[in-house]
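Here is a short briefing to read alongside the model. It goes from the overall fold to the ligand, and then to a few local details worth a look.

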Amino acid sequence: MAANEADVVVAGGGMGGLTAACSAQEAGARTMLLEKAPRIGGSAAASGGTIWCATDLEDWLSVQPGGDPALGRALIASFFEGIPWLRRQGVDLEERSVDTPYRFRRVIYACQPDAATAMSALADRFTAIGGTIITGTGLRDLLLDDRGTISGVRALGPAGFTTVTAPAVILATGGFQGSPELRARYLGRWADQMVLRANTYSTGDGFQAALRAGAATAGPFSRFYGHMVPAPPAKVGLHNFAAVKPDFSEYAVFVNLHGERFDDEFLGDEVTVHAAAQQDQALVFLVYDEAIRAAYTAPRSDGRDARADRLQHIRAAGGEILEAPALPALAHDMATRWGVARDRLLATLGQYNAAARAGDGAALPIPKSGGLLPIDTPPFYALRCLPGITFTYGGARVNEQAQVLDTSGRPIPGLYAAGADVGGIYTRGYTGGLVLGLAFGRIAGHAAASV
Ligand SMILES: Cc1cc2nc3c(=O)[nH]c(=O)nc-3n(C[C@H](O)[C@H](O)[C@H](O)COP(=O)(O)OP(=O)(O)OC[C@H]3O[C@@H](n4cnc5c(N)ncnc54)[C@H](O)[C@@H]3O)c2cc1C
């Protein structure tokens with residue numbers, strides 16, 4: 001293949017891009033993968049490597065209210081077909097029983113020995129069947145002919161700008177969470193304050209190139225996949241995101257700087273992060289007591305509890321946890337150290353405890369759907385948090401063939417998306433990240449190869 005010409009160009013070498021590239025090359029297209037970072041893998045290589053999804057549409061829609069059933073069906077079907085396909089590419093997958101509770105039945109496949117090895121296996125397979133990988137070279141723009149059909153890409157590499165002609169392009173650059181400016185523009189005023197818990201290269205290049213080519217957007221833009229993280233001075237990064245996740249928060253109380261609750265904590269911190277990003281300075285505080293600490297954060301003797309040692313990890317990372325013998329003393333410390341409105345906080349906690357004792361979460365101004373425990377066993381604790389973002393839910397609008405649609409709903413000929421560059425799949429909850437790359441990468445790769 002000439003260095004500046006291909007049948008399919010894939011932008012991005014993470015889960016979506018590598019899957020799409022292998023699928024397109026396997027289907028007979030001369031495929032070139034451009035990766036902006038010095039090496040392939042993206043967030044996928046740093047991930048936990050558990051590939052999972054809901055097993056049926058009804059379950060999926062229960063966490064994605066108002067989701068597009070056609071996209072949900074395509075996601076689930078391509079996930080199930082994708083597992084044996086991944087194994088055929090040389091990825092070692094272990095089917096896991098699900099011993100951590102979730103909101104519906106899940107099937108989980110864990111990359112063996114880890115996700116980085118799985119991404120290397122995909123890259124090796126792609127080059128073994130004739131594909132080309134160019135690292136250190138990022139998509140800058142899409143090229144279109146006079147009829148608005150894709151004709152190639154413009155990319156920036158170590159030697160400057162280069163043009164690759166191709167009738168089909170697959171965007172798999174991993175979303176726009178790496179750009180504080182785009183986060184603030186699309187996710188809300190304080191979203192630039194969020195902590196990035198993903199690779200640093202996914203700064204919205206695919207999404208912005210699609211918009212310039214006339215793509216429609218698909219939200220929700222106020223939602224994203226993320227988790228709470230301890231706020232600075234805590235040092236968090238790819239090495240410890242999972243360990244410092246305060247995933248006992250369903251049983252505790254989140255308040256903002258004004259001392260007010262802002263969401264139903266029982267939905268899980270992967271959902272409360274959305275509302276947290278809208279709070280003043282995006283700063284939020286998790287308040288809990290000794291009973292919650294002992295029941296939900298202490299290591300279990302059999303070592304099987306995923307939440308084990310959370311607080312130890314948070315402290316080791318430099319996270320700030322206040323401890324006090326009584327709630328008024330805790331509120332005083334939170335006010336003087338962190339600027340939380342003390343009187344309002346005490347009123348919020350008083351109201352919360354009354355609802356907990358009455359077992360009536362619906363009576364709260366912001367109802368709580370479960371996990372309602374009175375905060376009344378000393379000592380009392382507070383953890384200062386920021387929302388962390390892993391990938392954005394908003395992006396380019398696609399149909400179930402992974403074709404990017406323009407603002408009148410017509411496919412932009414030759415343009416496809418996979419992974420987090422796809423918008424409009426998830427509406428609220430989280431039903432897997434790698435699966436978005438696997439499922440839509442396979443669909444996009446096959447479709448692009450036939451252009
Ligand atoms: C710590 C952590 C743990 C996780 N654990 C899990 C898990 O266990 N299970 C799960 O399902 N999900 C998990 N995820 C989420 C999962 O990793 C992502 O959802 C998934 O990797 C998204 O795939 P993607 O291809 O869209 O993006 P990525 O895998 O991030 O790949 C995007 C690639 O595009 C490249 N790129 C960016 N801009 C350009 C450009 N202009 N041109 C060319 N290339 C570009 C980036 O460098 C990157 O390599 C985890 C994420 C993190 C950070």
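The protein chain has 13 helices and 21 strands, where helices (H or I, at least four residues) and strands (E, at least two) are DSSP runs numbered from the N terminus. Please keep in mind that this is a predicted model: local features need pLDDT of at least 70, side-chain atom pairs count only at pLDDT 80 or more, and totals for chains, interfaces and linings use all residues. Residues are numbered from 1 along each chain as its sequence is written.

**Overall fold**

- The C-alpha atoms of the protein chain occupy a box of roughly 70 × 45 × 40 Å along the principal axes.
- Buried residues make up 52% of the 451 in the protein chain. A residue is buried if 20 or more other C-beta atoms lie within 10 Å of its own, exposed if 12 or fewer, and partly exposed in between, with C-beta atoms placed from the backbone.
- Of the contacts in the protein chain with a separation of 6 or more, 73% join residues 24 or more positions apart; two residues are in contact if their C-beta atoms, placed from the backbone, lie within 7 Å.

- Domain 1 brings 15 residues to the contact and domain 2 brings 19 residues.
- On the side of domain 1 that touches domain 2 there are seven nonpolar, five polar and three charged residues. Here Ala, Val, Leu, Ile, Met, Phe, Trp, Tyr, Cys and Pro count as nonpolar, Asp, Glu, Lys and Arg as charged, and the others, Gly among them, as polar.

**Around the ligand**

- The ligand is surrounded by 44 residues, and the closest are Gly14, Gly42, Gly48, Gly419 and Gly433; a residue is near a molecule if its C-beta atom, placed from the backbone, lies within 6 Å of it.
- Domain 1 and domain 2 both give residues to this shell, so the ligand lies between them.
- By class, the shell has 18 nonpolar, 22 polar and four charged residues.
- Elements that each supply at least two residues of the shell include α1 (15–26), β2 (31–35), β7 (138–144), β17 (380–392) and α13 (434–449).
- The largest share, four residues, comes from α2.

**Strand pairing**

- β12, β18 and β21 form, in that order, an open sheet of three strands with mixed pairing; two strands pair if DSSP finds at least two bridges between them.
- The edge strands of this sheet are β12 and β21 (422–423), each of which pairs on one side only.
- β18 and β21 run parallel and are joined by two bridges, with Arg397 opposite Gly423 in β21.
- β3 and β5 (residues 106–112) run antiparallel and are joined by five bridges, and Thr50 stands opposite Ala110 in β5.
- Five bridges also link β4 (residues 92–96) to β5, again antiparallel; Arg96 has Ile108 in β5 as its bridge partner.

**A covered helix**

- Seven of the eight residues of α8 are buried, so this helix is mostly covered.
- The buried residues of α8 are Asp269, Val271, Thr272, Val273, His274, Ala275 and Ala276.
- They pack against β13, β14, β15 and β17.

**Backbone details to inspect**

- The peptide bond from Gly219 to Pro220 is cis, with omega near 10°, and Pro220 sits in the loop between β12 (217–218) and β13 (224–230).
- A cis peptide bond also runs from Pro232 to Pro233, with omega near 15°; Pro233 is in the loop between β13 and β14 (253–256).
- Ala282 is not a glycine, yet it has a positive phi of about 60°. Ala282 lies in the loop between α8 (269–276) and β15 (284–289), and it counts as buried because it has 24 C-beta neighbours inside 10 Å.
- Ala402 has a positive phi of about 65°, although it is not a glycine either. Ala402 belongs to the loop between β18 (395–397) and β19 (403–405) and is buried, with 30 other C-beta atoms within 10 Å.

Methods:
Domain bounds come from an automatic or database domain assignment.
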